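Take a look at the structure below.

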Amino acid sequence: MPTRARVVLDGLAENPALPAGMVRRLVRYRRGFGHVATRPDLSLDLIEEILASDHHWLLHSLALNPRLPNAIRMRLAAHADPAVRAAVVVGARDAPRELYERLIDDPDTQVREYLAGRDDVPADLLARLADDPDPQVRATLARWSTQAPEAVRRVLLTDPVDQVRAAACSTYYARSPHPTPPPDLLAGLLGDPVTRAAAVRHALLTPDLAARLAGDRDYQVRRQVAEHPQLPPTVRDLLADDPSAHVRVGVFGRPDTPEPVRHRIHEDIQQGEHPLTDMLDDELDDNALLQQFEDHMAVSELRHLRLDWVTANPLPYLSSPYICFRRSAARNRTLPPDAIIRLLNDDDSGVRTTMATHAPHLVDPATAERIDREFQPDKKTNWRPADEFTFPPQTLRRLATDPDPRMRCLAPRDLDLPVELTERLATDPDSAVRHAIAGHPNLPAHARRALLADPNEQVARAAATAPTLPVAEMDRFLTLAGL
């Protein structure tokens, strides 16, 4: 049995072209994670066979299946294994009220916590979770149910547990639009250290209140003050010299900040950058370490700020020395062609990419290729600018022999790619290229078989998932696995 057999069998479980008879054979497999039970084409008799198996991973995967009949979900909701019941909550789509009624008082905290994060649970049932005995459930409800009835939000905003109140009045929620606290609770929220930062944006910022909050010990409170539209200039200028770089970034992004002040903040933060490795080497107490980490992140934030006021009036900022200004300008979808061309040729990859994705109809194939080739993501991502464009076949075939493996990965997007090129890509030294070609319809059988035995698990799995995989190869692996 090949060492990649488990990976291949997991891929076969998700292969949409797997014949029904082989699906049944795969249901008998007990060494994987039961991915076959997530298939959308399971027959009722196969579902019954999975239920009768009482195999944990098969049942867990079945509970996650979004196409599962509600009658089966109801049976799984009564299962003794809490992980299976929790999976029912995660996988449910358009479920009847009866399912949520059965699970709303589940003895397992995780089941109730998953319910608290859903947006399709009837409001009266969600309201019951506001009185749940576990604060983690209540905090999850506060974070996710941003549009819950005011009575429910009031209960959460006045919860005795800090964690719940902090989630109910937060600078970040898991779902938009963000809630606005009732006016009569605002004074109490401003007086509560765990809700104060998030309450600032909803407050009427008088000069006295602004001055008091600008001296708060919590830098998150001061950051919210720095961004408040009613901030008096005198307090703004005070915060421009705040010891926290995070606070100074808030002043930097204001439309009313004088340009000399903005420039000074930008230069000070850039010059104060320290590599994270240096921070770990220094003998710092916790507060000093947190301050240095915050200062380090401020440098990144200066590039990523989304300034709506710049996007609304972009033309004055096309040549701004600040990257975030040019990125924000590039988000405007009504820029004139000459401005678009200018930003498509910006020195910053983020500006070029933002402009290309906001005006794709004005991006020719050569420019799209250039922007993708020069793409420098700010963080790890599977997305790339090329995902927004369709390249002509001649471009994709040229890229099949490009020196950059990242560009070679684009070639399989040509579904008519010549066989000799698919063979070449199937033996590429870069696993990402082999992964990209693994499901191509023009891949010869011998190349496909080689990819099934690829040393890289993701490549082998991609080859097994491909609908173009010959049935004979599917049967061979099932037979090798004794199925």
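On a 1 Å grid over the protein atoms alone, a cavity is a set of points where a 1.4 Å probe fits but cannot get out. A pocket is an open set with protein on both sides within 12 Å along at least five of seven lines, and lining residues have an atom within 4 Å of a point. This is a predicted model, where local features need pLDDT of at least 70, side-chain atom pairs count only at pLDDT 80 or more, and totals for chains, interfaces and linings use all residues. Residues are numbered from 1 along each chain as its sequence is written, and side-chain values use heavy atoms, with hydrogens and water left out.

**Cavity and pocket**

A search of the whole structure finds one cavity of 30 Å³ or more.

| Space | Volume | Largest share of the lining |
|---|---|---|
| Largest cavity | about 60 Å³ | H1, three residues |
| Largest pocket | about 610 Å³ | H25, six residues |

A volume is the space filled by probe spheres set on the grid points, which are joined across faces, edges and corners. The cavity lining includes Leu 9, Asp 10 and Ala 13. By class, the lining of the largest cavity has seven nonpolar, three polar and one charged residues. (Ala, Val, Leu, Ile, Met, Phe, Trp, Tyr, Cys and Pro count as nonpolar, Asp, Glu, Lys and Arg as charged, and the others, Gly among them, as polar.)

The largest pocket has 22 lining residues. His 304, Arg 306, Arg 327, Arg 331 and Asp 378 lie nearest its centre. Its lining counts five nonpolar, nine polar and eight charged residues. Helices here are DSSP runs (H or I, at least four residues), numbered from the N terminus.

**Helix packing**

The axes of H1 (residues 5-14) and H33 (residues 471-480) come within 10 Å and cross at roughly 130°. Axes are lines fitted to C-alpha atoms over the stretch in contact, and angles run from 0 to 180 degrees between N-to-C directions. H1 and H33 are therefore oblique to each other. (Under 35 degrees is roughly parallel, over 145 roughly antiparallel, 65 to 115 roughly perpendicular and the rest oblique.) In H1, Ala 5, Val 8, Leu 9 and Leu 12 meet Met 474, Phe 477 and Leu 478 of H33. Contact means heavy atoms within 4.5 Å. These contact residues are seven nonpolar, no polar and no charged.

How values were computed. Helix = DSSP H or I, 4+ residues; strand = E, 2+ residues; numbered from the N terminus.
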